[in-house]
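Keep the sequence and the structure open as you read.

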Amino acid sequence: MVAVLGACSGRAEPPGSSAPSSSVRPAPASSAAAAPAVRLQEYPVPDGSHPHDVAPARDGTVWYTAQATGRLGRLDPATGQTRETLLGEGSRPHGVLVGPDGSPWITDGGLNAIVRVDPATQVVHRFPLPDDRPAVNLNTAVFDRRGVLWFTGQGGVYGSVDPRSGELRVFDAPRGAGPYGIATTPDGDVYYASLAGSHIARIDLASAKAAVLEPPTPGQGARRVWSDSKGRLWVSEWNAGRLGRYDPAARRWREWRLPGQNPQPYAVYVDDRDVVWVSDFGANALVRFDPATERFDSFPLPTAEARVRQLLGRPGELWGAESAVDKLVVARTPP
């Protein structure tokens, strides 16, 4: 299905101080607005796969994790065809990203391992967590500028894998359960978001220690995190229905409430133009936020109750996995 959409829009009023009582203002009620058209297109994947995360590849294809069937899939948007690789008995893959080597890397909670798949041969290589770290509920991964992969586990851990040596390390998160989304800034700093802990944390790459950074809103449920080109961290605040931003240089937070009656921001991604995108379960929509104008534009998804849990893109394209309806979706923006 292809849909060319305008947007329902609202401008978020600028927050006052960064104090919890005045750090956020609700967006005005949505209204029709002249916004650049966004072309949404859905691609079906095998029934029952429940795709969780996506990773656009350099050759134009898109990798996805088929969480319910323990497979890694690859979509060719030019043909709509998919090809899937079994990851092993008990597999329940969550996150996927394309590494510096061009291979897909997977956080697999069922296997309790980091998994690499050779894109040419489909050979599966596992980096299992130690026996004393069972069932950590592996979530998401990112590469730092040295080529080391960092990952999170909602069971209360974060860790790293060096693809060159195969060394895998696991560390206790400073406040226990919750590590979820993770991102690298242009300067090479690594931050993760803690959903259960309602904070973000910066990992010191030299010592591997994590330092907690408190958002202004208690219990907001920081789910995913992404960096813009200036190194500012954007956070989807699941419990609070807000989009948060932390500026490490200024050590300052700001927050904006998404439009609508019951916003539920799940995923967040910043594109190559520093435009911020959020998947909103409450509105069943992809939501665009322009930091320059502080304006939200909402693009309803073609299929009801799609549940996009993660976003990732490349210039001109924003990809998400519609986990509840066995589809991938792309939002194409004009140049």
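**Reading a chain of strands**

Q: Where does the charged end of Arg-223 sit?
A: A charge sits over a ring if NZ of Lys or CZ of Arg is within 6 Å of the ring centre and within 35 degrees of the ring normal. Here the charged end of Arg-223 sits over the ring of Tyr-266, 3.9 Å from the ring centre. Arg-223 also lies over the face of Trp-238, 4.8 Å from that ring's centre.

Q: What should I know about the model before I go on?
A: This is a predicted model, in which local features need pLDDT of at least 70, side-chain atom pairs count only at pLDDT 80 or more, and totals for chains, interfaces and linings use all residues. Residues are numbered from 1 along each chain as its sequence is written, and side-chain values use heavy atoms, with hydrogens and water left out.

Q: How many helices and strands does the chain have?
A: Both are DSSP runs, numbered from the N terminus: helices are H or I with at least four residues, strands are E with at least two. This chain has zero helices and 29 strands.

Q: What percentage of the chain is buried?
A: Buried means under 20% relative accessible area, exposed means over 50%, and partly exposed is in between (1.4 Å probe, protein chains only). Of the 335 residues in the chain, 56% are buried.

Q: What share of the contacts comes from residues 24 or more positions apart?
A: Contact means heavy atoms within 4.5 Å. Take the contacts with a separation of 6 or more: residues 24 or more positions apart account for 46% of them.

Q: How many aromatic pairs does a search of the whole structure find?
A: Rings of Phe, Tyr and Trp (its six-membered ring) pair if their centres lie within 6.5 Å. Planes under 30 degrees apart count as stacked, over 60 as edge-to-face, and the rest as tilted. The search finds 16 pairs. One of them joins Trp-226 and Tyr-269: the ring centres are 5.3 Å apart and the planes are at 50°, so the pair is tilted. This pair links distant parts of the chain. Trp-226 is in strand S19 (residues 222-227), Tyr-269 is in strand S23 (residues 265-270), and they are 43 residues apart.

Q: Are Trp-226 and Tyr-269 buried or partly exposed?
A: Trp-226 has 23% relative accessibility, so it counts as partly exposed. Tyr-269 has 9%, so it counts as buried. Now take another tilted pair, Phe-289 and Phe-296, with 4.6 Å centre to centre and 40° between the planes. Phe-289 is buried at 0% relative accessibility, and Phe-296 is buried at 1%.

Q: Which residues form one aromatic cluster?
A: Tyr-180, Trp-238, Tyr-266 and Phe-281 do.

Q: In which sense do S27 and S28 pair?
A: Two strands pair if DSSP finds at least two bridges between them. Strand S27 (residues 308-314) and S28 pair in the antiparallel sense over five bridges. Arg-314 has Glu-317 in S28 as its bridge partner. The two strands form a hairpin with two residues between them. Gly-316, in the turn, has a positive phi of about 85°.

Q: How many bridges join S28 and S29?
A: S28 and strand S29 (residues 327-332) pair over six bridges, in the antiparallel sense. Glu-322 stands opposite Lys-327 in S29. Four residues lie between the strands of this hairpin, where Asp-326 takes a positive phi near 55°.

Q: Why is S28 largely enclosed?
A: Five of the six residues of S28 (residues 317-322) are buried, so the rest of the structure largely encloses the strand.

Q: What is the strand order in the open sheet that includes S11?
A: The order is S11-S12-S13-S14, with antiparallel pairing. S11 (138-143) and S14 (168-172) are the edge strands, and each pairs on one side only. In this sheet, Ser-160 stands opposite Arg-169 in S14.
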